[in-house]
Protein chains: 2
Amino acid sequence: MVTIKDVAKRAGVSPSTVSRVISGSTRISPATTSRIKLIMEELGYHPNMMAKSLVSKTTRTLGIILPRPAEEMFLNLFFSEFIRGIVSHASRAGYDLLMTSGATEREEVEAITRMVKGRRVDGILLLSSRRNDPVIRFLHDDRFPFVLIGRSPEFDDILSVDTNNVQAAYDATKHLIAQGHERIGFVSGPPHLVISQDRMEGYQQALKEAGLPMKHQWTVEGEFLQESGYRAMSMIMSLPEPPTALVVIDDVVAIGVLRGLTEIGFKVPEDISLVSFNNIAMTQLTSPPLTTIDIGIYQLGYTASQTLIASIQDEEGSARNRILIPHRLVVRESAGRILKS
Amino acid sequence: MVTIKDVAKRAGVSPSTVSRVISGSTRISPATTSRIKLIMEELGYHPNMMAKSLVSKTTRTLGIILPRPAEEMFLNLFFSEFIRGIVSHASRAGYDLLMTSGATEREEVEAITRMVKGRRVDGILLLSSRRNDPVIRFLHDDRFPFVLIGRSPEFDDILSVDTNNVQAAYDATKHLIAQGHERIGFVSGPPHLVISQDRMEGYQQALKEAGLPMKHQWTVEGEFLQESGYRAMSMIMSLPEPPTALVVIDDVVAIGVLRGLTEIGFKVPEDISLVSFNNIAMTQLTSPPLTTIDIGIYQLGYTASQTLIASIQDEEGSARNRILIPHRLVVRESAGRILKS
DNA sequence: CTGAAAGCGCTTACAG
DNA sequence: CTGAAAGCGCTTACAG
C-alpha cells in the first residue's frame, strides 16, 4: 500500500504538502502541485479513506437499512427503484451507500446504532411507514442527519420525502368519476398504516365533492398482497348493488382483484373499472394493462438522497421539512367509461 | 463522542485495558472486565469504526456496484432478491454492504478502485455477465478478494457463484419433450452473452439426445425485453410448420411471447406450450401462470456473500472456485401435453 | 509557499 | 493481569 509518506519522500517534500495538493488546498506552487500529481499517478497512490475519515470526522457515506421481508412487504417491490434513485444521486455527489439489516426490530436499532455511533456514516435514509418507529426516535433524539421516505405521524420536525397520498387517491377517484361512474368502491390495505388512511381520505373527499354515495360495503381492508384483492372480489361483487369501479390501494392487490374478477366472470373494464397505485413494472403486463397512479419511486429515492446530503453539508439547512414528490395518473386500459344500460 | 480514553479514565485503567475487554482478549481479570463493561454501558460507548479499521486494516464491509440500467437489464429484476440474500448473510456474519455506482464503464472502474485502494471494503461482490469486464481484470490482477455472481469466460481461477445454465435449459427442454412435444423452438437473448450461449447449448443437447429435429427457423435471438418476445411470435408462428412448444430465455421475454401469441390467436398451453427461466414474481400472475426454472436468486446472493466472507477470513481458502446453485423446474400451467391430431 | 508537530481513536508488541 | 509507547495514514493549526 502506497501512502502519503511514500509520495512525499519521492517528491522530496513533506507529507503536509502532499496532503494539501490532494485536498486542492491553498497556495501550493503550481510546479510542485503538478509534480506531486504525477508522482501520485506513477505510484498508484489512493488516499486511505479510513485515515481520512478518522481525522475529518466525515465518511462520505449514507446509511440505509434493508426493510425486513415480513414488515414492509410492499416496500420490497419498490426497493430496486428506490436504491437506484438513491445511489444515482449519491454517487454523483461523491457519496456511497452502506446497507445493513436486522432480523428483528431490536437488531435493526442495534445495527443503526453501530452505524451512527461507530461513525461509519454521515447520515441515514429511512424506508419506513411504521408507527412509533424506534429508529426514528433514536435518530431524532440524537440529532443525527436523516431523512424519512414516507411520513411519520409522531414527528413533524423531521426531514421527509413522500407522496401526497390524499391527493393521489383523490385524483384516482376523480378519474373514475369523470368516466361516469357513480358506484365506486375502495380496496384498501392494512387500516393501521398511514398510507391506507391517507388514500382512504382522498377517495372519500372525491366522492363527497361529487355528491356520490359512499357505502361501507364498498370498501374492504386487507394486506398489500395479491390474495387480499383476490378474496375481496367474491364478497364485493355479490352485493345486490355492486360498484362499477374500484380504487385499489396497490398494484399487486389490483392484480389479485383482476384475477378474482376474471374468475367469477366479470370483465375489466367492460363490467367494472379499476385504478390502482404505484405503477410497478408488472402493471403493463396484465390484461388489461392497469390504469394506475405513478408515484415516482426513483424520484423519491433521488430526492431523499439530495435532501439528506444537503442537510449533511449545510449545517441546519433552511430546507422544507416535508418534500412531496408529484404523482401522475397513468391511463391504460383497466378503467373505462361506464355503459349506461 | 465518548472514546476509549473516557472509559479508561472513568474506570481508572489504561486505554489498552479497555481495548482488551472490547476485543474479548486474553486474561483480563473478570472483575475489571465486568466493571469496564458496565462503564461502557453507562457512558454509551461505541467504538469508532474508522479508527478500528485504520489499525486493523479490516473494515467488515463488502462492496458492490449497482448494475447500470442500460447494461445489465435483466439483472435489475433480480436485484432486490440478490441484495436480500447478500445482506442477510453478511449481516449475520457481522458485515455490511457498501454500494456505489458509475454511469459509464470507466466510472465503474474508478468507483471500484476507490473502494479497494481506499481500503473501504474487505471484498467485492460482482454482478456481471459481461465479457472482458475490466473490473474483473483489475480485481484479479490486484489479488483482492471478490466473488462473481455469474460466469467469466476469461478467468477460471476466480471465485464464482452461478447457475448451471446448460443443465437448466436441458431440464426445461426435457420437460417439454416429456409432454410429447417434438417441434420445440427456442427464444433466446443477446447471442454474445454467456447465458444465452449456455442455455442454447442445453436446449440443443436435449433435442439431440431425444433425436428430435432442430430447425434454425425455430430459434430467435433478441434482448431480455418483453418486446423481444412479442415481436418474435408473428414470425415464428407463421412458419409452415411452427413449433408446438417454446423454451424462452427469460420470464420477461416469455411474458412478451404470451402477449404476442394471444394477439395472433394462439392459446397457451392448448396451442403452444411455454417454459421459461428465473421464476420472477410476475410469473405467477400471468394467465396462464408460467412454468419456469427457478434459479434461486436469494440463494445465489446468500451463497456469494458466504463464499466471499470465507475467502476473506481464511487466507486462501481451499474452497471450490465455481459454486453452482441448484435450480428447479416450477410447473405451472403454460406447458401442457401435446394433443395429437 | 512549505514543514514540523500534534492529534484523530484505536490496537498491539513489549515489558513487567 | 495491566500499562506505556509506538504506530495505523491522514489533516491542520502554527510558525516561518
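Axes here are lines fitted to C-alpha atoms, for helices over the stretch in contact, and angles run from 0 to 180 degrees between N-to-C directions. This is a predicted model: local features need pLDDT of at least 70, side-chain atom pairs count only at pLDDT 80 or more, and totals for chains, interfaces and linings use all residues. Residues are numbered from 1 along each chain as its sequence is written, while chains are lettered from A and ligands numbered from 1 in the order in which they are written.

**Exercise 1. Describe how α8(A) packs on α9(A).**

Step 1. Locate the helices. α8 spans residues 165-178 of chain A, and α9 spans residues 194-210. Helices (H or I, at least four residues) and strands (E, at least two) are DSSP runs, numbered from the N terminus.

Step 2. Take the geometry. The axes lie 7 Å apart, at an angle of about 40°.

Step 3. Classify it. Angles under 35 degrees count as roughly parallel, over 145 as roughly antiparallel, 65 to 115 as roughly perpendicular and the rest as oblique. The two helices are therefore oblique to each other.

Step 4. The crossing is right-handed (the near helix is turned clockwise from the far one by less than a right angle).

Step 5. List partners. Among the α8(A) residues in the contact are Tyr170(A) and Ile177(A); the α9(A) residues include Tyr203(A) and Leu207(A). Contact means C-beta atoms, placed from the backbone, within 7 Å.

Step 6. Sort them. The contact holds ten nonpolar, five polar and four charged residues. Nonpolar covers Ala, Val, Leu, Ile, Met, Phe, Trp, Tyr, Cys and Pro; charged covers Asp, Glu, Lys and Arg; the others, Gly among them, are polar.

**Exercise 2. Describe where domain 2 of chain A touches domain 3 of chain A.**

Step 1. Domain 2 is 61-164 + 297-326, and domain 3 is 165-294.

Step 2. Over C-alpha atoms, they are 30 Å apart.

Step 3. Count. Eight residues of domain 2 contact twelve of domain 3. Helix α5(A), residues 73-92, gives the most to the domain 2 side, with three.

Step 4. Sort the domain 2 side: four nonpolar, three polar and one charged.

**Exercise 3. Describe how chain A meets chain B.**

Step 1. Count. Each side has 33 residues in contact.

Step 2. Find the main contributor on chain A. α5(A) gives the most, with eight residues.

Step 3. Sort the chain A side: 15 nonpolar, twelve polar and six charged.

Step 4. Check the strands. β2(A) and β2(B) pair in the antiparallel sense over three bridges (pairing needs at least two DSSP bridges). Leu98(A) has Leu98(B) as its bridge partner.

Conventions: Domains from an automatic or database assignment. Contact = placed C-beta atoms within 7 Å.
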